[in-house]
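Open the model in your viewer and get ready to select. This tour goes stop by stop.

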Amino acid sequence: MVNKFMQLQLEYFLLLAAALFCIGIYGLVTSRNAVRVLMSIELLLNAVNLNLMGFSNFLDAQNLKGQVFTIFVITVAAAEAAVGLAIILAIYRNRDTVDMEEFNLLKW
């Protein structure tokens, strides 16, 4: 049986993760700046990491499956940020803007 303290602790993790996820979705939908879009994606991934850590600690504190998966997500997020910033820098050099509406390089 799960004690009340662990359940309350999980609720705080989930509330914080939900707030981060909502902020990330809002930034992703409303932003036209490419760097801000990448930051919003990072917020979404961090919200997922908080959920992984919270549920891993809540369900089985002895196994580290959630923590290991979180490390993989952080690694992929770092690679995504590096590649995304490199692409944005290349587009900025060609177009002199980071506005998402101006990215029409792949149109015919």
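Start with H3, residues 65-95. Its 31 residues should span 45 Å at 1.5 Å a residue, and its end C-alpha atoms are 44 Å apart, which agrees. The expected span is 1.5 Å times one less than the number of residues. Helices here are DSSP runs of H or I with at least four residues, numbered from the N terminus.

A word on the model. It is predicted, so local features need pLDDT of at least 70 and side-chain atom pairs count only at pLDDT 80 or more, while totals for chains, interfaces and linings use all residues. Residues are numbered from 1 along each chain as its sequence is written, and side-chain values use heavy atoms, with hydrogens and water left out.

Axes are lines fitted to C-alpha atoms over the stretch in contact, and angles run from 0 to 180 degrees between N-to-C directions.

Now select Gly66, Thr70, Val73, Ala77, Gly84, Ile88 and Ile91, the buried residues of H3 (under 20% relative accessible area, 1.4 Å probe, protein chains only). H2 is included in what covers them, where contact means heavy atoms within 4.5 Å.

Last stop: what follows H3? Aspartate 96 does, and its phi is positive, near 60 degrees. Aspartate 96 is a residue other than glycine. It is exposed, with a relative accessible area of 59% (exposed means over 50%).

Note on methods: Helix = DSSP H or I, 4+ residues; strand = E, 2+ residues; numbered from the N terminus.
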